[in-house]
There are 2 protein chains.
Amino acid sequence: MKILLNNIDLNEALFDKSNIGFVPTMGSLHDGHISLIKKSLKLSNKTIVSIFVNPKQFNNNDDYKKYPRNVKKDLRVLKSLKVDFVYLPGVKDIYKSVNKIKIKLKKQDKILCAQYRKGHFEGVIEVMTHLTKIINPSKIFMGEKDFQQLLLVKRYIEKNFKSKIISCKTIRDRNKLALSSRNILLKKNDLSKAGKIAKHLIIFKKRLLNKKNLKNLIFMKKNELKKKYDIKIDYLELRNTKNLRLTNKIKNAKIFVAYYINKVRLIDNY
Amino acid sequence: MKILLNNIDLNEALFDKSNIGFVPTMGSLHDGHISLIKKSLKLSNKTIVSIFVNPKQFNNNDDYKKYPRNVKKDLRVLKSLKVDFVYLPGVKDIYKSVNKIKIKLKKQDKILCAQYRKGHFEGVIEVMTHLTKIINPSKIFMGEKDFQQLLLVKRYIEKNFKSKIISCKTIRDRNKLALSSRNILLKKNDLSKAGKIAKHLIIFKKRLLNKKNLKNLIFMKKNELKKKYDIKIDYLELRNTKNLRLTNKIKNAKIFVAYYINKVRLIDNY
């Protein structure tokens, strides 16, 4: 495994490589990342994993500072997976580019997390654009837990580059909580509460299958969850998985949720 | 620069190397570390820097968790210095050794920080023993800021190994505060307060040169500092630099201080 600390290292390592699989991460790797990496190792000649906590996608500086970092452990995990390259860029490697990019979301995209985290997806698309330019991968592997991110990045990157976005299933812990680097910020009680909420919504989702007036049922469920678990909910909505429009039909739809437990923001979809 | 993530990598990298200079660190590198590294680069054929936040030398688990970590930036710094090897061991690489070590400080060594941080130096000597065995360096570079650590490690390591401990001058910031990875934990106000305390003690030290009854002057100074800067002082003592015994003579002596600003413990010597 080669560790690339800057773009000179990176260019040297990749210049004669083809069919590169790329797994972009912010580190603090969990089994979700590992599933992406294993898929890349299977489908690509060479796999590169980046670890970069992207300041531009945090709408809150405190959140950026508190975002978990554990590069040493991450390197150990990546080595054990036999990843070919790890790219550990500094902020300057990504953003000192001559070509400044200005991303603007369309009005109809300012929904779900885009509504609650101003500038977040603009930051994600910007960093993904720079990373894709620098690495020029054939495939980029991303998880479905961040579903809105996946769709937006897929749309933007596949429009502007030859790279294909490969989406990968959400990985859950034994309590059904979707794996996230942020889970480490939860206290033990809150972690088990988050698991209960996930189970609760998985059961709720199944019950929706033969119900009508879904909008109303979801609205009531939102209030129930708030009270039952004492959480702040940004949104709980049923949306079409192709265009993310609000829907009342179960077909091609997912329930999207974002909520806070003790200041830690968690998202998921079912 | 080669990054060694485990002992297999390490043994492979070092097996044919001689005159190895070793700089043990807990990361969050500052100009103090850099001065050690530069000295090693000058005096050794190959320089290896370890980054290992040693759990055994923290007498307080919260302190261990809060200890600043910034491996990515550290790697960038080490690369720019053209260090040959960086050793990033996991806890198991250090402590899975078959030969368990039991370090016991002598009663006369249980002074200064040894008195206030139970088990700290035992942990330091233990990790230094393992590291020295694993790396087998000709020279180990350590800073004088941690003077008691330097003396204890020197005594223990040079007794049991062929490696020589090379001591290096304390590096200070422009406010005269001794550089420490912990300084990053200080708020801006507290950082400037720590600088004032350092300057205060440097002036005090000079004034001691032609004074008598130093013990009493130091006792009074301790009380003055406590009140003036609103700090908790573990110790402020004049001790001989060879054997660390309390002394009343300025010759071959240093003033040793350990104090807390807002729960951050700082040490220094003059």
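This is a predicted model: local features need pLDDT of at least 70, side-chain atom pairs count only at pLDDT 80 or more; totals for chains, interfaces and linings use all residues.
1. On one side, 12 residues of domain 1 of chain A are in contact with nine residues of domain 2 of chain A. Two helices of chain A, α6 (112–116) and α8 (147–160), each give at least two residues to the domain 1 side of that contact. By type, the domain 1 side splits into eight nonpolar, three polar and one charged.

2. For orientation, the domain assignment of chain A puts domain 1 at 2–168 and domain 2 at 181–265. Their C-alpha centres are 26 Å apart.

3. Now the pair of chains. Chain B goes onto chain A with a rotation of 180 degrees and 0.0 Å of shift along the axis, at an RMSD of 0.0 Å. That is what a two-fold axis gives you. If you want to find the axis from chain B, look at B:Val71: its C-alpha is the nearest one in that chain, 3.1 Å away.

4. The chain–chain contact involves nine residues of chain B and nine residues of chain A. Helix α4 (residues 71–80) of chain B makes the largest contribution to the chain B side, with five residues. That side is made up of five nonpolar, one polar and three charged residues. Also, 100% of the interface residues of chain B are interface residues in chain A too, so the copies meet through the same surface.

5. Helix α4 deserves a look in chain A as well. Its buried residues are A:Val71, A:Lys72, A:Asp74, A:Leu75 and A:Leu78. They span an arc of only 160 degrees around the axis, which means they sit on the same side of α4(A). What lies over them? The cover includes β1 (2–4), β3 (46–51) and β4 (85–87) of chain A, along with α4 of chain B. So do note that A:Lys72 and A:Asp74 are listed among the buried residues here, on that same side of the helix.

6. Last, the core. Which residues have the most contacts inside the largest nonpolar core? They are A:Val86 and B:Val86, in a core of 121 residues. Setting aside neighbours within four places in sequence, B:Val86 is in contact with B:Met1, B:Ile3, B:Leu4, B:Val49, B:Ile51, B:Leu75 and B:Leu78. As a general rule, nonpolar side chains in soluble globular proteins tend to be buried together.

Definitions and conventions
Residues are numbered from 1 along each chain as its sequence is written. Chains are lettered from A and ligands numbered from 1 in the order in which they are written. Copies are superposed by least squares on the C-alpha atoms of residues with pLDDT of at least 70 in both. Two residues are in contact if their C-beta atoms, placed from the backbone, lie within 7 Å. Helices (H or I, at least four residues) and strands (E, at least two) are DSSP runs, numbered from the N terminus. Ala, Val, Leu, Ile, Met, Phe, Trp, Tyr, Cys and Pro count as nonpolar, Asp, Glu, Lys and Arg as charged, and the others, Gly among them, as polar. A residue is buried if 20 or more other C-beta atoms lie within 10 Å of its own, exposed if 12 or fewer, and partly exposed in between; C-beta atoms are placed from the backbone. The arc is that of the directions from the helix axis to the C-beta atoms. A nonpolar core is a set of buried Ala, Val, Leu, Ile, Met, Phe, Trp, Tyr and Cys residues joined through C-beta atoms within 7 Å. Domain bounds come from an automatic or database domain assignment.
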